[in-house]
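Here's a quick briefing to read with the model open beside you.

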Amino acid sequence: MKIMHDEALTQILPNQACLGLCVAFSDRYMQDDVAVLVSAEGMLIASLPAWQHHFLTLLNIVSQSNLDGIVVTQWCLANARTIRNLLHDSAAQEHQSSNSDSIKLDHTRAQQALEDLVQQALVLQASDIHLLFSPSHAALSFRVHGRLVGKVDRNRESLAGAIAAALNTRSEDFHELFDEQRLSSASISMSVLDGESIQRIRLRVQKSPTRNGFAVTMRLQREQSKILKLNELGLRTEVVRALQNILREPSGLLIVAGPTGQGKTTTLAALNAEIPATAKVISLEDPIEIIQPNIEQKPVIADHQELNFANMVKVALREDPDVISISEIRDEATAKAAFTASLTGHLVTATVHAHDTFGVLSRLLDLGLSPESLAQFGVVRGILAQRLVSSICLDCEGTDRGCPRCHGSGVTGRQLVCEFLLFDEKVRQALLSKQFEGCRSELLQQGWLALDDQLSSPESCV
Ligand SMILES: [Zn+2]
């Protein structure tokens, strides 16, 4: 590999497209003398520690640079401090250049500010970024394992600028000019450094006016998130086995229940991933949250005249599927379409917003399905109700201030708690006679694990 001496290095012009990425990476590992830049001519220049300990990241930066149109053809070794000086000089120089360039740089700056926020969120393992803009400042916080943490006040102008620039220039579906007082939602995709690798992140942005400003909530979605397997979700072994048995059935309904944000989508993806490749899975989702390469995922818009769930289920039925997955059954038409699909020889996986497994049955009855139709043999196969429970950090015992181990959140993760109702003859009879309570207490006497009991004492389920 060519060694580049300091003097030659100062003549190098960094490639602006991946400058932000190189600065972020080099700044993060400053103490380890790690630094990297890509030149405008396609030369990757990195310090020895970068080559030795972060080779994978360098490869990722190369592929990102290639994507941006600067193909890397040469690899060089250079001094970390000189590389870093060059990176920072380059950013500063561009700031001093012509007016149009400085507007462009403001955009770059704004995007960098947003990328920094996202990177911070990734370090914290946050699911959402919350921003509340008041006339004097912007209050920033992150949702980490279900808790709102890391509250700090930030400069209003720079963050508002970052959001506006990102929406105006980088969103695929934002078709208006940024206005603080308007209600809007949009998606933004970006590449950011996540540990050693570069992640494609999709932000779902929701903006709404408040009493004296506006609020922005951004949900982070990894474009290549790993699809967990059924036995990796944290379900009890016997529940995994029961679910796998149902997935081998040619038809019927398998329902996942729980409130919003309790991992239902992850479970549904794990169920669909269990279906063999010889079966065709059509998944109807509003919105698509986890990319599943092996199944046919279709975006649905719940309140759209044509693209709503009920209609899309009917369309799917004409497309010769074996399995239809419905991201949420929330109206009568969808409930009936799901029922029809399961009656006509299809396995249907779906989520329903309900407190527990028996709550799902009440919900389906409310949505206009009759007890007689639901109690038919082979229609409902099983219901899983789940919750994610915070695992308290053992180092700081979950105090409000947290500690370095939990990044100040007080929790180190979340654990799945569930109840599973196998739809057997006993449950069918209870449905026909609407004697849910009797059936439930009988199950409890036989050692059935109810969700509520586990929530009051989380230790009992592990
Ligand atoms: Zn802690």
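This is a predicted model: local features need pLDDT of at least 70, side-chain atom pairs count only at pLDDT 80 or more; totals for chains, interfaces and linings use all residues.

**Around β10**

- Strand β9 covers residues 197-210, and its pairing with β10 is antiparallel, with 10 bridges.
- With two residues between them, β9 and β10 make a hairpin.
- β10 itself spans residues 213-222, and strand β5 (residues 126-133) is joined to β10 by six bridges, again running antiparallel.
- For a landmark on that pairing, find Ile129, which sits opposite Met218 in β10.

**The four-stranded sheet**

- There's an open sheet of four strands, and reading across it the order is β1-β4-β3-β2, with mixed pairing.
- β1 (2-3) and β2 (36-38) are the edge strands, each pairing on one side only.
- β1 pairs with strand β4 (residues 74-77) in the parallel sense, over two bridges.
- To spot that pairing, look for Lys2 opposite Cys76 in β4.
- Helix α4 (residues 55-67) lies across β2 and β3 (43-46), and the helix runs at about 20 degrees to β2.

**Around β16**

- Strand β16 takes in residues 380-392 and runs parallel to strand β11 (residues 252-257), with five bridges joining the two.
- Ala257 has Ala385 in β16 as its bridge partner.
- β16 is also joined to strand β17 (residues 411-422), this time antiparallel and through 11 bridges.
- Here the pair to look for is Ser391, which stands opposite Gly413 in β17.

**Helix α12**

- Which residues of α12 are buried? In this helix (residues 357-366), they are Thr357, Phe358, Val360, Leu361 and Leu364.
- Looking down the axis of α12, you'll find these buried residues within an arc of 150 degrees, so they line one face of the helix.
- After α12 comes Gly368, with a positive phi near 100 degrees.

**Helices α14 and α15**

- Helix α14 (residues 425-433) and helix α15 (residues 436-445) have axes that come within 8 Å and cross at roughly 155 degrees.
- Any angle over 145 degrees counts as roughly antiparallel, and therefore that's how α14 and α15 are described relative to each other.
- On the α14 side, Lys426, Val427 and Ala430 make the contact, meeting Phe436, Gly438 and Cys439 in α15.
- Sorted by class, this contact has four nonpolar residues, one polar and one charged.

**Zooming in on Ala338**

- Is Ala338 buried or exposed? With 26 other C-beta atoms within 10 Å, Ala338 is buried, because 20 or more is enough to count as buried.
- Ala338 belongs to helix α11 (residues 332-343).
- Leaving out residues up to four places away in sequence, Ala338 touches Leu253, Val313, Ile326, Ile329, Val348 and Ala350.

How values were computed
Residues are numbered from 1 along each chain as its sequence is written. Axes are lines fitted to C-alpha atoms, for helices over the stretch in contact, and angles run from 0 to 180 degrees between N-to-C directions. Angles under 35 degrees count as roughly parallel, over 145 as roughly antiparallel, 65 to 115 as roughly perpendicular and the rest as oblique. Two residues are in contact if their C-beta atoms, placed from the backbone, lie within 7 Å. Ala, Val, Leu, Ile, Met, Phe, Trp, Tyr, Cys and Pro count as nonpolar, Asp, Glu, Lys and Arg as charged, and the others, Gly among them, as polar. Two strands pair if DSSP finds at least two bridges between them. A residue is buried if 20 or more other C-beta atoms lie within 10 Å of its own, exposed if 12 or fewer, and partly exposed in between; C-beta atoms are placed from the backbone. The arc is that of the directions from the helix axis to the C-beta atoms.
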